[in-house]
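Please look over the sequence and the structure shown here before reading on. The report is meant for a reader who is new to both.

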Amino acid sequence: MTETTTPKTIEEKVAELLEDQITHPPMPVDSYVIEVENLFNYASQDKDKLVANGLDASLIDELPPAIAFLQDKQSEWMQVFNGKSITLEEWAIASQDGYNLQRELQHVFKFAYRKDAKILTQVNRIADGSGHADMVQDLSDYAVIGKANPEPLNLVKFDLTKLDKADEYSHSLRTLLGKVNGIRKNSDKEEKEMRDRAYTYLKNIVDEIRDFGKYTFWEDEAKMKLYTSEYHRKKREKQETTPEV
């Protein structure tokens, strides 16, 4: 009885790549995909000649599914990356409002409670600190003290609704800060690693086909050019023509 071996999926092959083999795309992935799709068309037309010179024919057949796999992993990574960017942008905007309110409350409270030694001690203790987490906590502490002792604030014409705002800011910023800290602790996302693995897997195939293409058509400059990266070629040409300053 003959045993049949189930072919490995691309995901299984990608997972087998060693850590030191993984590389990052040096060019936009969408541009790379277009180049590889063009390469697939050229290699398919030249398949007999390439195979005659030693290229494994299965590599050409592997290009379409490898391209699709990279596109899927790129989309998954960009979804994570864009979400991270939005969260960091939200924090930058919201935290600035929080710091502005913290600064105002510190100024007002130190003046309003200047004649109440007990409360002033609490206010000075709140003011002693720095950093994002401290700012978030300060807003909550100011709101508690202000709502419990509104008379001195009324005397200096302070808008008490800002105490509610401080409380709201404290809660919303605490949640947002948790997300930001999570992002910073997990900078190497699983999705990015899978994107890089998918790119590396495809690149290995592409490099092999391109090498055989340049070897096979070494006497046909126009044909050989089809087996090089247009993106990198134009980049080199631009660097060569850019005058030194």
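This is a predicted model: local features need pLDDT of at least 70, side-chain atom pairs count only at pLDDT 80 or more; totals for chains, interfaces and linings use all residues.

## Helix 2 and helix 4

Helix 2 (residues 29-45) and helix 4 (residues 57-112) have axes that come within 10 Å and cross at roughly 170 degrees. Angles over 145 degrees count as roughly antiparallel, so helix 2 runs roughly antiparallel to helix 4.

On the helix 2 side, the contact includes Val29, Tyr32, Val33, Val36 and Phe40. Among the residues they meet in helix 4 are Ile60, Leu63, Pro64, Ile67 and Leu70. The residues of this contact comprise eleven nonpolar, three polar and one charged.

## Salt bridges

The model has 14 salt bridges. One of them joins Lys8 to Glu16, with the closest N and O atoms 2.5 Å apart. Lys8 is partly exposed, at 46% relative accessibility, and Glu16 is also partly exposed, at 47%.

Another salt bridge is formed by Lys147 and Asp164, at 2.9 Å from N to O. This pair links distant parts of the chain, since Lys147 lies in helix 6 and Asp164 in helix 8 (residues 161-185), 17 residues apart.

Glu193 and Arg197 form a salt bridge at 3.1 Å. They are four residues apart in helix 9 (residues 190-216), and so are separated by about one helical turn. Glu193 is partly exposed at 34%, whereas Arg197 is buried at 7%.

## A buried charge

Asp138 lies in helix 6 (residues 132-148). Asp138 is buried but has no salt bridge, and the nearest side chain of opposite charge, Arg174, is 9.3 Å away. Leaving aside residues up to four places away in sequence, Asp138 touches Gln102 and Ile126.

Definitions and conventions:
Residues are numbered from 1 along each chain as its sequence is written. Side-chain values use heavy atoms; hydrogens and water are left out. Axes are lines fitted to C-alpha atoms, for helices over the stretch in contact, and angles run from 0 to 180 degrees between N-to-C directions. Helices (H or I, at least four residues) and strands (E, at least two) are DSSP runs, numbered from the N terminus. Angles under 35 degrees count as roughly parallel, over 145 as roughly antiparallel, 65 to 115 as roughly perpendicular and the rest as oblique. Contact means heavy atoms within 4.5 Å. Ala, Val, Leu, Ile, Met, Phe, Trp, Tyr, Cys and Pro count as nonpolar, Asp, Glu, Lys and Arg as charged, and the others, Gly among them, as polar. Buried means under 20% relative accessible area, exposed over 50%, partly exposed in between (1.4 Å probe, protein chains only). Lys and Arg count as positive and Asp and Glu as negative; His and the chain ends are not counted. A salt bridge is a side-chain nitrogen of Lys or Arg within 4 Å of a carboxyl oxygen of Asp or Glu.
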